[in-house]
Every structure is written in C-alpha cells, then in structure tokens.
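Please read this briefing alongside the sequence and the model.

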Amino acid sequence: MNVLARVAAGRLAAARAVIPCLWRGQYFSSGKEPAEDNSVTPMLRHLIYKIKSTGPITVAEYMREVLTNPAKGYYVTRDMLGEKGDFITSPEISQIFGELLGIWFISEWIATGKNAAFQLVELGPGRGTLSGDILRVFSQLGSVLKNCDISIHLVEVSQKLSEIQALTLTEEKVPLEREAGSPVYMKGVTKSGIPISWYRDLQDVPKGYSFYLAHEFFDVLPVHKFQKTPQGWREVLVDIDPQVSDKLRFVLAPCATPAEAFIQCDETRDHVEVCPDAGVIIQELAQRISLTGGAALIADYGHDGTKTDTFRGFCGHQLHDVLIAPGTADLTADVDFSYLRRMSQGKVASLGPISQQTFLRNMGIDVRLKILLDKSDEPSLREQLLQGYRMLMNPEKMGERFNFFALVPHQRLHGRHHQMNACQSKPSPSPVAGFGELVWR
Ligand code: SAH
C-alpha cells in the first residue's frame, strides 16, 4: 500500500464546524464599503496620536500596527477564526485538507532520502488545527516514520492564539514551559509525544533539515501601496480626515518614498502592492532550504503579479472598511506569487502557484473523501464532509482563488529521476507530489 492509501485507510471523519462562513479570498475592496462601525477604538486613538505627532503613515505601517501591535493588535488579542470569528480557513473547514498536506511532507521526506530527523515549522498556525491534522497523519504512518526524530516549531506572534494552539496540540499532563522574554517563549510535548516550541520570529527557529508550512500567513503581512501618477509612483498613506474628527483617510505622498525601490522597473500596472516582509521571509526560507534541505509549502489566495488593489478587511464574516474601527477587523491583501518566486530565485527551485483544486486533486482528495464517506454512516457527518469538499474544491468557492506554491532544493527537480526522456517531447511530470498528476502505482 502506498502512503496515501495507508492514511486513507485510517480513521473516521472528525466533526468540523462548517460553513456558511466567509473566507477571506472572496472579494476585492478597499475602503469602499459603507462604514458600519464608527466606534473610536483604542487602536484608532493610538493611530491618531501617532499620525498627529509624526505625520501620515504608510499602509504597511498601518497594517503592522493594527494587526500585530503587541498590546492592542487584532491578532494579538482575539481568536478570529471560525463561525464565531471573522473568517474561516480551509483547515477549519475539513480535516482532509491537513491530512493531504501531511502526506505531502512525508512524500517529500521519502523522496529526498528519509533524513534521520526533521523539523515541521508552521508560520502563523491560527488555532493549531492544521498542525493537528498533520500530526495525526504522522501518527497513523508511525511505521514509516518510526526511526525519524520529529519536532514541531510554531512561529506565532499572538499570545492568545498560541494558548489556543497549545490546547489543541499538547498533552495536558506535561506542563508547558514558558519564558516570555526568550526567543522560544513556550515549549511542550504534543499529544503524540513530539517536542513542540513557539517563537515570534522565523529567525529564531533552529536551522536544520525542515519542512516549512505557511497557510494564509503571507496575506496578513504588511503591504505598501503605490499609485502611478503623472509625476511617477506615489505611495498611498493613511492620514487623519480634516473634515471629520476621529476618522482616517487615504492620501498620496507628495514625493517619492523609499519603498518605491520594491516596484519593478518594467511595471505596467497603475496601482501595485508590495510586501517587503514577505520577501525577507522567503529569502530566509530559500537560504535555509538551500543549505540544509527540506521544502516549504505555501498556500494562500493571490496572483502572479497581475492584480492591483486587493487590500481589504473582514469582520464577523462581512467585508469591512479597512480604515473603520481599526483593531476590530482582519486586514489582508492578496499574495503576489511572482514576487515570492523572484525573491527565492537562485537559491532554490519554486513550483506553482497552482490552484487549490488542482493541488488537492493531485494529492488524492477524491480517494480520501470516498473512504471517509464509506466509513461514516451518520448522515449529518456525511453531509458535512461533502459540504467541506465542495467549499475547498469548487472553483467558485476556494478551489480557484487559493493557490499552492512550493520551494524545494534545485537538485529535487534536476535529479536523475526527472530528466527529459529522449523520446518525449514534453518533460516528465513534476516529481513533487501535488504539482503533477497523481499516478497510482
Ligand atoms: N494558518 C491558520 C491561521 C491563519 S490567520 C489557518 O489557516 O487557519 C494568520 C495567522 O498568522 C495567525 O495565527 C496570526 O496570529 C499569525 N500572524 C500574523 N502576523 C504574524 C507575524 N508577523 N508573525 C507570526 N505570525 C503572525
């Protein structure tokens, strides 16, 4: 039995809170929705004070403050995921999503020679649901992984979410070690006995053979926004509205600003969003993978350098004006995969972006769904599995808007198993699972 079939034969379906919730890839907008909540939040007061003292701020600074300010930031203070929160994500919709990602990592581990140890590093783990589903696959494939020394490393800025992750993932009987000031601010042991640690920054995660995972993480990193004008590129800034007290508005910078350096010389769009933080993280991942091996799997909504204004807000499963009641709503912008590819070039090979629908189909989602349906005789659970499948796969829902992108060492694509056959006109399918059609052997 291959890896996928063995997991497929595994456990029954777990109940997931589903639907009809808003997922963040859904709409485009920025600041055009009617203002629904005019309350002056502590974050708004903080921003007004800041702008009054030092002048208008970039959209990137606005996003950073609103989302991750250590005292008042949106991510730092609340659990925003799921039915009662502001938006829903794929791992929260269906267990199959995380299971297939778990298989992807094991498949890469096997294909690259079954290293004696690996680290699974997740960036922005939310409630820990995705890592939980992956760890379950690791347990089910215990016989395959039995001699491998695995550790889990979570990069999370939110104290609140890290507590929820610990509840989801760790063994209650083993007390967590906490050290607020240390780069490793929490440590414990997972329910299946694997060491698990928390960090605020990827830089602090030990270097070593690792698999990296980022699901709906890059879209919350701060973007700079630029508008093309007759005078050249001008950065969009956030200022206080002179007409209405306690209200913010967008303005254009009167002259060039430093982040303009991130715009491509041959850029043809008239509005662009650039995310230097994403570049820094991708370069770090590429550097690590090129030195020690492993791979990174990145899944998010985004585009290949084609879209313009994608900055938007979500609150209570509704679109939300990004400048209203800051700190109470999620802010997000589509990921520019062409930029991620450029930032990784030279050090590692990149794959994708390909649609979520294609990736999950290539990973065998249909087989996994059938097995779970065959094993479950409870009608409500079967309906939930089917609803979850449709939500993940339907091109009108998450199937097309969400994309998968991977970084692997160059030799992974140019090894002897992936050479063009002299008789073939096309290169053989990708040797990396999910990025080529599933072949049953
Ligand atoms: N991956 C999860 C959660 C996505 S929400 C899922 O798909 O369900 C974004 C996550 O990234 C949250 O856990 C948030 O706290 C975290 N986050 C946001 N900015 C971050 C930063 N700069 N560094 C580390 N984590 C961050």
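The buried residues of helix α9 are Leu-161, Ser-162, Ile-164, Gln-165, Ala-166 and Leu-169; buried means under 20% relative accessible area, exposed over 50% and partly exposed in between, with a 1.4 Å probe and protein chains only. Helices (H or I, at least four residues) and strands (E, at least two) are DSSP runs numbered from the N terminus. This is a predicted model in which local features need pLDDT of at least 70 and side-chain atom pairs count only at pLDDT 80 or more, while totals for chains, interfaces and linings use all residues. Residues are numbered from 1 along each chain as its sequence is written, and side-chain values use heavy atoms, with hydrogens and water left out.

- At the start of α9, a side-chain oxygen of Ser-158 comes to within 3.4 Å of the backbone nitrogen of Lys-160.
- Ser-162 belongs to α9, which spans residues 159-169.
- Ser-162 counts as buried because its relative accessibility is 0%.
- Apart from neighbours within four places in sequence, Ser-162 is in contact (heavy atoms within 4.5 Å) with Glu-156, Tyr-185, Met-186 and Trp-198.
- Between Ser-162 and Trp-198 there are 7.7 Å in space, C-alpha to C-alpha, and the two are 36 residues apart in sequence.

**The ligand site**

- There are 18 residues around the ligand, and Thr-89, Gly-124, Gly-126, Glu-156 and His-215 come nearest; a residue is near a molecule or strand if one of its heavy atoms lies within 4 Å of it.
- An N or O atom in the side chain of Glu-156 is 2.5 Å from an oxygen atom of the ligand.
- For Thr-89, an N or O atom of the side chain is 2.7 Å from a ligand oxygen atom.
- At Gly-126, a polar backbone atom is 3.0 Å from an oxygen atom of the ligand.
- On its own the ligand has 560 Å² of accessible area, and the protein covers 93% of this; accessible areas come from the Shrake-Rupley method with a 1.4 Å probe, and for residues only the protein chains shown count as cover.

**Glu-122**

- Glu-122 is placed in strand β2 (residues 117-123).
- With a relative accessible area of 2%, Glu-122 is buried.
- The side chains of Glu-122 and Ser-131 are joined by a polar contact of 2.7 Å; a polar contact is a pair of N or O atoms within 3.5 Å, where within protein one must be able to donate a hydrogen and the other to accept it, and residues adjacent in sequence count only if both atoms are side-chain atoms.
- Neighbours within four places aside, the contacts of Glu-122 are Leu-130, Ser-131, His-153, Leu-154, Val-155 and Leu-213.

**Thr-58**

- Thr-58 is part of strand β1 (residues 57-58).
- Its relative accessibility is 19%, so Thr-58 counts as buried.
- The backbone nitrogen of Glu-61 is reached by the side chain of Thr-58 at 3.0 Å.
- Not counting residues up to four places away in sequence, Thr-58 touches His-224, Glu-235, Val-236 and Leu-237.

**The whole protein**

- The protein has 16 helices and 18 strands.
- Of its 441 residues, 56% count as buried.
- Among contacts between residues at least 6 apart in sequence, 76% join residues at least 24 apart.
- The accessible surface of the protein is about 19100 Å², and 53% of this belongs to carbon and sulfur atoms.
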